[in-house]
Amino acid sequence: MKELTLAEEILLTAIWRLNDNAYGVTIRKQVAEVTKKNVIYGTLYNSLDQLLRKGYVTKTRGKPVAERGGRSKMFYTLTSSGMQALQNARELQRRIWDGIPEFSENKS
Amino acid sequence: MKTHKEIPPGLAKWILLRMSQYEDDFLCVGDLDEEFKEVLQEAGYRKARFWYWAQVLRSVPAYLKITILWGFIMFKNYLKTVLRHVKRHKGYSFINIAGLAIGMTCCILILLYIQYELSYDKFHEDAHDIYRIAFKIPDRIDMNASSFGLLAPALVQDFPEVQSAARIRKLQSTVFYKNHAFTEKNFFLADSQFFDVFTFPMISGDPEKALSQPFSVLITQEMTEKYFGDEDPIGKTLLVDNKHEYKITGILKNPPQNSHFKFDFLASFITIDKIWEDYSLSWMNTNRILTYVRLQKDYDPDDLERKFPEFLRRYGREDVVFHLQPLTGIHLHGTIRNDIEANSDIRYIYIFSVIAFLIVLIACFNTMNLSTARSVYRSKEVGVRKVVGAERKHIIRQFMSESIIFSLAALVISVFLVKMLLPAFNSLVDRNLSFNFFSNNEMLFGLFILAIIVGFISGSYPALFLSSFHPVHILKGMRAHKGSSAFRNFLVVFQFAVSIVLIIGTLVIYQQLHYIKTRDLGFHKEQIVIVDIKDENLKNVYQTMRNDLKQNPRIIGVSFSCDLPNEIDARNSFRWEGQTEENRWQLFNTAAVDNEFIDLLGLELTMGRNFSEEFPSDNQACILSEKAVRIIGWENPIGKRFGYRKEGTVIGVIKDFHHLSLHSAIGPTVLLHVDKETDLNLNYLLIEINPGDIPGTLAFIKKKFKEYSPHYPFDFTFLDDRVDKMYRTDNKLGQILNVFSFTAIFIACLGLFGLAAFTAERRTKEIGIRKVIGATVSNIVFLLSREFIKLMLIGFILACPIGYFAMNRWLQTFAYRTHVGVVVFILAALLALLTVLLTVSYQSIKAATANPVDSLRYE
């Protein structure tokens with residue numbers, strides 16, 4: 001299985017973390033918080049579409065909401081292969097960092 | 001409650017909506033709205049608005065990326081479908097692309113021609129500021145390209161807006177260098193300001209001074225090679241007309257082909273009164289001197305034209321009206337009197353543009369027709385695509401890109417065809433066109449656009465038609481095309497109408513050319529050799545030379561004259577007894593001839609007698625044409641006084657003859673005697689010869705000519721060739737139209753062939769059943785051809801009036817013409833019918849002779 005890119009990893013973890021409440025606004029905020037960067041919706045949806053096509057996530061439509069101008073939310077959930085991919089990523093991370101001591105505090 | 005301050009900026013939202021139309025249900029619009037409100041509460045409207053805008057604008061790259069990506073993916077799919085389709089239906093694709101390629105080839109060739117024609121004289125710097133001064137005298141003299149000898153200096157002196165003015169005068173000269181002698185037709189006199197007005201680059205010499213001294217001459221590169229080979233010609237002298245020595249002061253680049261006058265020699269203009277004794281420039285006559293001016297940058301020529309009447313009054317020529325002809329328009333605005341070369345006509349450009357357009361349209365219609373006809377084969381594909389989720393616009397896009405792929409393929413083929421056909425086309429249109437596809441950016445771009453437009457037109461109807469299918473109907477196997485056959489029929493009718501108009505045009509032109517060839521011109525033109533005479537000394541010995549030539553039994557008659565019977569154009573006014581005031585400025589076509597001219601050419605005397613040696617006073621006499629007598633109004637013209645100063649006597653009257661081409665009406669003609677004035681030059685030696693052993697006779701004539709005029713080159717032509725040459729443009733038009741109508745018919749037939757194949761295929765079962773019931777082969781052929789013949793006939797009916805009016809207008813340019821007869825239409829109809837039958841018959845016979853068992857087996 002192909003390894004996740006960092007961007008995919010960030011997105012997938014965000015969706016996982018948000019659990020039942022993963023839709024456009026929350027995902028964007030989560031990603032922005034993690035990366036400390038302003039995230040643009042256009043890019044976000046492109047990336048979500050890619051994840052969708054790769055089968056890591058599925059989407060379900062919620063009910064129309066008044067404060068969204070009568071538009072419904074689209075919720076994203078991880079699929080099993082998405083979970084698997086995240087687990088693999090974590091395993092990889094662990095192996096990469098294994099045996100390397102923590103950075104000392106005064107270094108930064 | 002919302003106030004206007006609380007909603008997202010409208011324009012940004014609009015952009016967002018446009019961008020997200022490919023997403024389902026505008027998700028991010030909702031997301032943005034939601035988050036906008038949060039930001040609004042936390043940071044206020046300004047910040048929120050800024051945030052919204054930033055989100056929208058920064059989403060644009062992502063949007064573009066995805067559209068292009070998908071566009072590309074779909075295009076790959078379309079391309080694959082097209083290639084499969086081409087592979088599976090080779091014949092159909094061939095017909096399609098071949099039709100388009102031939103149509104485009106025609107179109108490119110015509111475009112090249114038009115581009116070239118429009119480029120005439122544009123190579124001069126600020127060419128739009130250069131004008132030629134033409135004049136007319138109302139009621140007396142039509143527009144004349146030449147103007148008075150003293151005009152140019154007066155213009156520069158009197159009008160500050162005239163920056164510079166240059167006169168040119170074409171001479172025909174014999175140029176001698178060492179032992180070479182050539183007749184040079186493009187020997188010009190040109191003012192020293194010539195290079196201020198025109199831009200002709202020089203290779204060596206100083207353009208400021210090169211033409212300032214009398215008897216200086218500039219020669220072109222081509223002439224340098226012709227006369228000097230590798231020698232350096234600067235400073236050498238050329239002997240002209242065996243009496244004047246010109247010093248070469250510079251070398252010019254060969255003038256471009258797209259110049260309305262082409263020179264080989266440019267001699268200084270001030271030489272003019274040194275080569276013609278007793279000649280001085282004046283305000284009285286023009287002597288074929290042409291005047292060109294360069295006006296101040298972007299000066300309005302109308303302003304200057306308004307000042308001309310007052311200017312002319314100052315110089316005593318208030319009878320004259322001047323006209324400023326833009327230099328760049330000279331080539332395309334027809335030939336006027338004293339023009340240097342026969343010009344083209346803007347009308348030909350229009351005609352050719354229309355033809356190019358029509359031929360491309362015919363090719364487009366082919367594609368349209370075939371693709372709609374064959375929609376059955378594609379309907380399943382459309383159905384499946386729609387079921388899978390394609391919308392109508394996707395199907396339209398697919399078929400559009402398909403036909404654009406076809407037309408691009410056709411473009412590539414036609415570029416090669418143009419390369420191949422260009423030499424032939426060049427000789428057809430008498431031009432020197434070149435086609436450098438890649439160095440000509442305008443052309444490259446233009447052709448690309450052409451291909452796109454052609455693809456667009458030819459794809460439009462099929463795309464709309466095919467995309468309108470309802471998937472359920474198609475997949476159920478229902479055929480749903482009503483109305484399409486009416487449209488198809490319209491296209492076929494149009495193709496036939498255009499082709500038949502072109503056929504009618506070609507036929508009428510050939511009929512007129514035949515009429516010209518066979519019309520009695522009033523004089524013989526066969527077996528007459530014309531030798532150009534340049535040697536002035538011959539005038540003293542021409543009687544002896546005549547007798548000498550007549551020693552040869554193959555020579556029937558010998559005549560010396562100033563003019564040829566088909567080119568009598570010099571117009572003069574005369575005085576005669578009993579002249580009325582309104583006849584004072586009547587112009588007569590005047591020719592100076594010798595005693596034998598009338599007999600040799602078979603001109604018919606109706607009254608009086610010919611010039612004769614027995615009457616020495618005949619050198620003052622004149623012979624009038626019947627038309628001249630009619631205008632003057634004499635009952636009995638013989639013995640009446642007539643001449644420039646009423647000095648001569650009328651001794652005879654001849655029947656009218658065509659002294660110019662059949663384009664112009666016969667005018668009043670006067671024949672004077674060559675001995676009348678001493679400075680009248682002999683220009684031509686006309687010799688009537690026996691048809692046998694023409695080379696031998698010509699060799700004899702040359703030998704004798706060299707005895708009398710040893711220094712001059714022997715140049716000869718035949719009278720009938722010269723007469724034919726007057727109709728060169730008309731001949732060319734006939735040939736060009738012939739080629740185009742053939743092409744148009746060919747393309748239309750290609751389409752017809754495809755259509756016939758399709759019809760025959762679709763009706764296989766019907767034909768099978770008919771045959772089983774007892775129809776004969778001819779029944780079936782008739783059945784299949786009937787439809788097409790009907791369409792052709794409708795096309796023919798539409799074409800008749802158009803062809804009739806168009807060709808009638810063309811015929812109006814001839815003073816003597818045939819009429820567009822019924823025969824032309826019958827012939828055109830038969831030709832069209834024949835082509836239809838030939839095209840359709842192959843398919844219908846194939847279908848008709850097929851064994852019904854094969855076609856019905858599967859029922």
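User: In what order do the elements of chain A run from the N terminus on?

Analyst: They go α-α-α-β-β-α, which comes to four helices and two strands. Helices here are DSSP runs of H or I with at least four residues, strands are runs of E with at least two, and both are numbered from the N terminus. Keep in mind that this is a predicted model, where local features need pLDDT of at least 70, side-chain atom pairs count only at pLDDT 80 or more, and totals for chains, interfaces and linings use all residues. Residues are numbered from 1 along each chain as its sequence is written, with chains lettered from A and ligands numbered from 1 in the order in which they are written.

User: Which elements of chain A have the lowest and the highest mean pLDDT?

Analyst: Strand 1 (residues 57-65) of chain A is lowest at 80, and helix 4 (residues 80-97) of chain A is highest at 89. That score is the predictor's confidence in each residue, from 0 to 100. Chain A averages 82, and 92% of its residues score at least 70.

User: Why are helix 13 and helix 14 of chain B called oblique to each other?

Analyst: Their axes cross at roughly 140 degrees and come within 7 Å. Angles run from 0 to 180 degrees between N-to-C directions, with axes fitted to C-alpha atoms over the stretch in contact. Under 35 degrees counts as roughly parallel, over 145 as roughly antiparallel, 65 to 115 as roughly perpendicular and the rest as oblique. So helix 13 of chain B and helix 14 of chain B are oblique.

User: What residues make up the contact of helix 13 of chain B with helix 14 of chain B?

Analyst: There are 17 nonpolar, six polar and two charged ones. Nonpolar covers Ala, Val, Leu, Ile, Met, Phe, Trp, Tyr, Cys and Pro; charged covers Asp, Glu, Lys and Arg; the others, Gly among them, are polar.

User: What makes Asp430(B) exposed?

Analyst: Asp430(B) has 11 other C-beta atoms within 10 Å. A residue is exposed at 12 or fewer, buried at 20 or more and partly exposed in between, with C-beta atoms placed from the backbone. So Asp430(B) counts as exposed. This residue sits in the loop between helix 13 and helix 14 of chain B, and its phi is near 65 degrees, a positive value in a residue other than glycine.

User: And why does Asp241(B) count as partly exposed?

Analyst: Asp241(B) has 18 C-beta neighbours inside 10 Å, so it is partly exposed. You'll find Asp241(B) in the loop between strand 7 (237-240) and strand 8 (244-252) of chain B.
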